[in-house]
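Trainee: I am new to this structure. Could you show me how to read it?
Mentor: Let us look at it together.

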Amino acid sequence: MSIEISEAHIIAEQMTTALLDKKVKSVALYDYEKLQKVGFINKKIKDFDNLIGCKIKSIDHRGNVIRVHFNKKMNLVLCGDYGAKYRFFSSDEDLPKKIHFKMGFTDGSFLTIRQIGMGSINAAEDSQVPSLYVIKRDFSDTPSPIGDHDFTSERFSELLVGKKQNIKAALVGKTAVVVGLSNSAFQEIIYKAGIHPKRNTGTLTETERNSLYDALKQILNERICAGGKNQFEDLYGKPGRHVPVMGPNMKDQSCPQCGAAIEKIAHGGGQVYFCPHCQR
Ligand SMILES: [Zn+2]
């Protein structure tokens, strides 16, 4: 299950509780060649040895990226937006076999990572962190809908008006006015706001822009409070409880608000489900 902004937030908070001040005893990588080939894992696997003996000082996230900061100027930068399982184990008893990364701590506990799709696991010194692709992408000047206190409805509205582009391009990916939203969150947000997926942001009324902001905040908050989207598993393997209000799970269903048949279109490099009656 993909790690999007709300799930990255949950994992980063759980990591902070579980891992802070732990000292690294061992690091091992498995079955990593494919990920390494496309640049998602350090070219030199030996870079990971630099983490041994380091202590975890803080864990931050922005967008879908998690940065684990160690002393001795070391970092572990993680991104799982195509799918990843981050797990913590207090001993080696139940360690999963199919993993890409395993970090052992001096108290006998472990952090394991399994990438399901593409995604990055990078060991980096402080000076190298700013040049990592996922850091440039998500630890950027683009506002984050979680954690940025100046991300207000006014600011969001201003950015949307300035864009004059399709609503999906304005919310998801490289041209988005916010970091961390995926096609999955997009479908839920525009359904909740009553906006058609093909709308141009230049045509949105002030009321519609405010509805989008409220829907965005609400969906992300709901996902965090529910322990993540269903299919997501947290640091302890506990599944999330958030069932999307719109998305592939609504295939062949009728709209819970109006009863119209849910439609699907290929749009902006993915399938978008929507209600042709409620979303205008
Ligand atoms: Zn409807």
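Mentor: We will go through some strand pairs, then some helix contacts. Keep in mind that this is a predicted model.

Trainee: Start with β2 and β3. In which sense do they pair, and over how many bridges?
Mentor: Strand pairing is read from bridges. Strand β2 covers residues 56-62, and it pairs with β3 in the antiparallel sense over six bridges.

Trainee: Which strand does β3 pair with over five bridges?
Mentor: That is β4, residues 74-79, again in an antiparallel pairing. Here H69 has N75 in β4 as its bridge partner. The hairpin of β3 and β4 has three residues between the strands, and K72 takes a positive phi near 55°.

Trainee: How many residues of β3 are buried?
Mentor: Burial is judged by counting neighbours: 20 or more other C-beta atoms within 10 Å make a residue buried. Strand β3 spans residues 65-70, and five of its six residues are buried. The strand is mostly covered.

Trainee: Now β9 and β10. How many bridges join them?
Mentor: Four bridges join β9, residues 263-266, to β10, residues 271-274. These strands run antiparallel. A266 stands opposite Q271 in β10. Their hairpin has four residues between the strands, with G268 at a positive phi near 60°.

Trainee: What describes two packed helices?
Mentor: The angle between their axes and the distance between the axes. The crossing is right-handed. On α1 the contact uses I5, S6, H9 and I10; on α7 it uses L220, R223 and I224. Sorted by class, these residues are four nonpolar, two polar and one charged.

Trainee: At what angle do α6 and α7 cross?
Mentor: Roughly 130°, and the axes of α6, residues 183-193, and α7 come within 8 Å. Because of that angle, α6 is oblique to α7. The α6 crossing past α7 is right-handed. Contact residues of α6 include A185, E188 and I189, and those of α7 include S211, L212 and A215. By class, this contact has seven nonpolar, two polar and three charged residues.

Terms used. Residues numbered from 1 in each chain as written. Predicted model: local features only at pLDDT ≥ 70, side-chain atom pairs only at ≥ 80, totals over all residues. Pairing = 2+ DSSP bridges. Helix = DSSP H or I, 4+ residues; strand = E, 2+ residues; numbered from the N terminus. Left-handed = near helix turned anticlockwise from the far one by under 90°. Contact = placed C-beta atoms within 7 Å. Nonpolar A, V, L, I, M, F, W, Y, C, P; charged D, E, K, R; others polar. Buried ≥ 20, exposed ≤ 12 C-beta atoms within 10 Å, placed from the backbone. Axes fitted to C-alpha atoms, helices over the stretch in contact; angles between N-to-C directions. Parallel < 35°, antiparallel > 145°, perpendicular 65-115°, else oblique.
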